[in-house]
Amino acid sequence: LLPAWAKPETDKAGNLVLRLPVAQTFKKATKILFVAHMDELGYAVRAIAADGRLEVQSRGGGITEFFSGHAVLVHSAKGIRPGVIELPAGWDQPNFEWPRGPQAAGGPTRVDVGARSPLEVAQLGIVVGDSITVPKKYRKLFGTRANGRSFDDRVGCASLISAVWALGATPNGSQAVPKNLPAEVIFVWSTQEEIGLNGAKAVADRLAAKGETPDYVFAVDTFVSSDSPLESKRFADAPIGKGFVIRAVDSSNITDRKYVDKLIALAKKNQIPVQYGVTGGGNDGAVFLRHDAVDIPISWPLRYSHSPGEVIDTRDLDALARIVAAIARSW
């Protein structure tokens with residue numbers, strides 16, 4: 001989806017890395033890195049039971065109640081195989097209550113792929129270690145609202161792609177390598193964020209070893225929002241449709257207020273709707289802190305995060321893409 005002039009490289013960790021040239025007039029240019037992660041929540045096959053059901057392990061912190069009973073896709077060497085995550089015992093009883101805790105189903109989470117023995121599972125090509133995802137489809141809702149799985153972090157990835165196109169736009173409407181950027185800009189689409197920021201860590205360590213640690217990292221990820229009828233507005237209150245969000249504080253990083261204020265000023269100068277706030281979770285920029293980079297996470301508000309019912313407002317995606325381009329041009 002990148003323009004033809006963009007020549008990204010894939011590193012050993014599977015990250016996609018795109019470097020943009022700095023204008024020759026800036027000899028000691030600021031180094032800026034944008035990163036959004038490509039991976040999503042899912043499961044991995046942990047064991048194959050005697051009755052042919054798959055015992056699976058959650059990968060990335062999904063809440064079991066959100067996914068039990070849902071169709072899934074098992075990614076095997078012989079292709080993608082359909083399955084269903086089983087509901088917990090007693091789900092159809094009048095007084096049923098969802099179990100709580102790590103083993104919320106009262107035992108291992110199981111996936112039924114239609115097999116009734118380990119041999120039948122093997123005939124499907126499914127083995128221990130195969131990954132499992134939840135099917136997803138982009139569904140337009142009313143106005144600019146949309147529903148889909150794993151907007152976390154497809155929205156972030158899309159915003160970086162959009163920003164690259166904006167930076168390469170020429171006055172005659174064509175595309176070319178941008179040559180007038182005042183900063184050294186790197187775009188990274190990272191791997192394995194949901195299971196420990198592993199892809200971003202590989203980038204951070206590699207750049208540090210070469211003496212190329214960025215001055216500023218803008219990690220582009222979800223702002224898990226309380227914009228829901230059942231949530232308290234005292235925490236993570238960023239309404240969807242009101243603009244991109246500066247993730248000023250989360251579980252892995254506290255952004256210096258002067259950078260929050262600077263980014264708000266840049267957004268207002270460019271007439272980009274902006275919010276800021278506090279939410280939970282970590283972000284890819286946190287692994288750059290140990291190398292003395294400044295982490296300024298930017299986000300869009302997401303309703304019902306880490307569930308099959310995620311809801312976004314596409315106006316926030318537009319605002320996010322615009323602020324990424326604005327940062328690259330003038331930070």
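Start with the lining of the largest pocket, which by class holds 6 nonpolar, 13 polar and 6 charged residues. (Ala, Val, Leu, Ile, Met, Phe, Trp, Tyr, Cys and Pro count as nonpolar, Asp, Glu, Lys and Arg as charged, and the others, Gly among them, as polar.) A quick note before clicking: this is a predicted model, where local features need pLDDT of at least 70 and side-chain atom pairs count only at pLDDT 80 or more, while totals for chains, interfaces and linings use all residues. Residues are numbered from 1 along each chain as its sequence is written, and side-chain values use heavy atoms, with hydrogens and water left out.

The volume of this largest pocket is about 570 Å³. Select V224, S225, Y304, S305 and H306: of the 25 lining residues, these are the closest to its centre. (On a 1 Å grid over the protein atoms alone, a pocket is an open set of points where a 1.4 Å probe fits, with protein on both sides within 12 Å along at least five of seven lines; lining residues have an atom within 4 Å of a point. Points are joined across faces, edges and corners, and the volume is the space filled by probe spheres set on them.) Now colour strand β13, residues 216–224, which gives the most to this lining, with 3 residues. (Strands are DSSP E runs of at least two residues, helices H or I runs of at least four, numbered from the N terminus.)

Next, the second largest pocket, with about 320 Å³ of space. Pick D39, E40, R59, S131 and I195, the closest to its centre among 14 lining residues. β4 (42–48) and β9 (131–133) each supply at least two residues of that lining.

On to the helices. Show α5 (257–269) and α6 (314–330): their axes are 10 Å apart and the angle is about 105 degrees. (Axes are lines fitted to C-alpha atoms over the stretch in contact, and angles run from 0 to 180 degrees between N-to-C directions.) The pair is therefore roughly perpendicular, a label for 65 to 115 degrees. Zoom in where L263, L266 and A267 of α5 meet I323, A326, I327 and S330 of α6; contact means heavy atoms within 4.5 Å.

Definitions and conventions
Angles under 35 degrees count as roughly parallel, over 145 as roughly antiparallel, 65 to 115 as roughly perpendicular and the rest as oblique.
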